[in-house]
Amino acid sequence: MNNYVITEIDSAQKKLSAYVTLLSYRYMNLCVKAELGALMPVNVYVGDESYNIEDVANVCSPDEFQFAVYPKNENNQQAIIQGVYEAHPEFKMEIKNDGGSYILYTMPVVDENRHDLLKNAIKGLYEECCGRIDAIHAEYKTRMLEDLTKVGISKEEIDEALQALDDLRQKSQSMADHQLEQKQNEIDEALAHYQTEQAQQKEEDEAYDVTKGFRMYSSFNDEV
């Protein structure tokens, strides 16, 4: 494989990888579970300086649907809250105290309505990514075919170069397919989690109502 082909294949690979990475980043910021990477866009302004959240706070996930953010300096708590809000206004925020003040963020629940909205959103982002992959593949294929034909490269070498480009496209497409499947599963799991919690809450409410009714009945009989 000549140097021209190597350079073109390397260039195509970088562009394709960039769009697949962008798809991953976008999926991560359609927050369903508490992925620490979703806090990457957060900018915390302390005075005139902008900081990444890890510079001003320690972050952990007490469970798969929550972030616990511990300010390194309590004076920066409001700046952290503002920074997270600007990046993710959909997060539910609570101030907690457990040996020190910290901020607890809970991901928005995935009920039936949000489930459908998220599914449509990830499908749209996936289709956009696939369109970019196809466009890059077509661009490089056309250019390489024209350039290699002009310099008199043999048909076998041209076929080898185009096959390498096809392989790149297929690899990128497979990665995008995998990301879509993972995000779909994540959304479905979150809906199942929500439905389970709702069912449990309903059982608890019904049990409370039965107990309350029994107590009221007992109290009435005692008075009689």
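Me: How far apart should the ends of helix H4 be at 1.5 Å a residue, and how far apart are they?
Reply: Helix H4 covers residues 112-150, which is 39 residues. They should span 57 Å, and the end C-alpha atoms are 57 Å apart, so the two agree. The expected span is 1.5 Å times one less than the number of residues.

Me: Where do these values come from?
Reply: This is a predicted model, where local features need pLDDT of at least 70, side-chain atom pairs count only at pLDDT 80 or more, and totals for chains, interfaces and linings use all residues. Residues are numbered from 1 along each chain as its sequence is written, and side-chain values use heavy atoms, with hydrogens and water left out.

Me: What follows H4?
Reply: Gly152 does. Its phi is positive, near 75°.

Me: How many residues does H1 have, and how far does it reach?
Reply: H1 runs over residues 3-29, so to speak, with 27 residues. From first C-alpha to last, H1 reaches 39 Å, close to the 39 Å expected at 1.5 Å a residue.

Me: Which residues of H1 are buried?
Reply: Val5, Glu8, Ile9, Ala12, Leu16, Val20, Leu23, Tyr27, Met28 and Asn29. Buried means under 20% relative accessible area, exposed over 50%, and partly exposed in between, with a 1.4 Å probe and protein chains only.

Me: How much of the chain is buried?
Reply: Buried residues are 34% of the 224 in the protein chain.

Me: OK, new topic. How many helices and strands are there?
Reply: Five helices and six strands. Helices (DSSP H or I, at least four residues) and strands (E, at least two) are numbered from the N terminus. The order from that end is α-β-β-α-β-β-α-β-β-α-α.

Me: Is the chain spread out or a compact globule?
Reply: The chain is more spread out than a compact globule, because its radius of gyration is 27 Å, well over the 17 Å that the globule rule gives for 224 residues. The radius is taken over C-alpha atoms, and the rule is 2.2 Å times the number of residues to the power 0.38. Along its principal axes the C-alpha trace spans about 105 × 45 × 20 Å.

Me: Where is Ala190?
Reply: Ala190 lies in helix H5, residues 155-223.

Me: Buried or exposed?
Reply: Ala190 is buried, at a relative accessible area of 3%.

Me: What does Ala190 touch?
Reply: Leaving out residues up to four places away in sequence, Ala190 touches Val32, Phe65 and Val110. Contact means heavy atoms within 4.5 Å.
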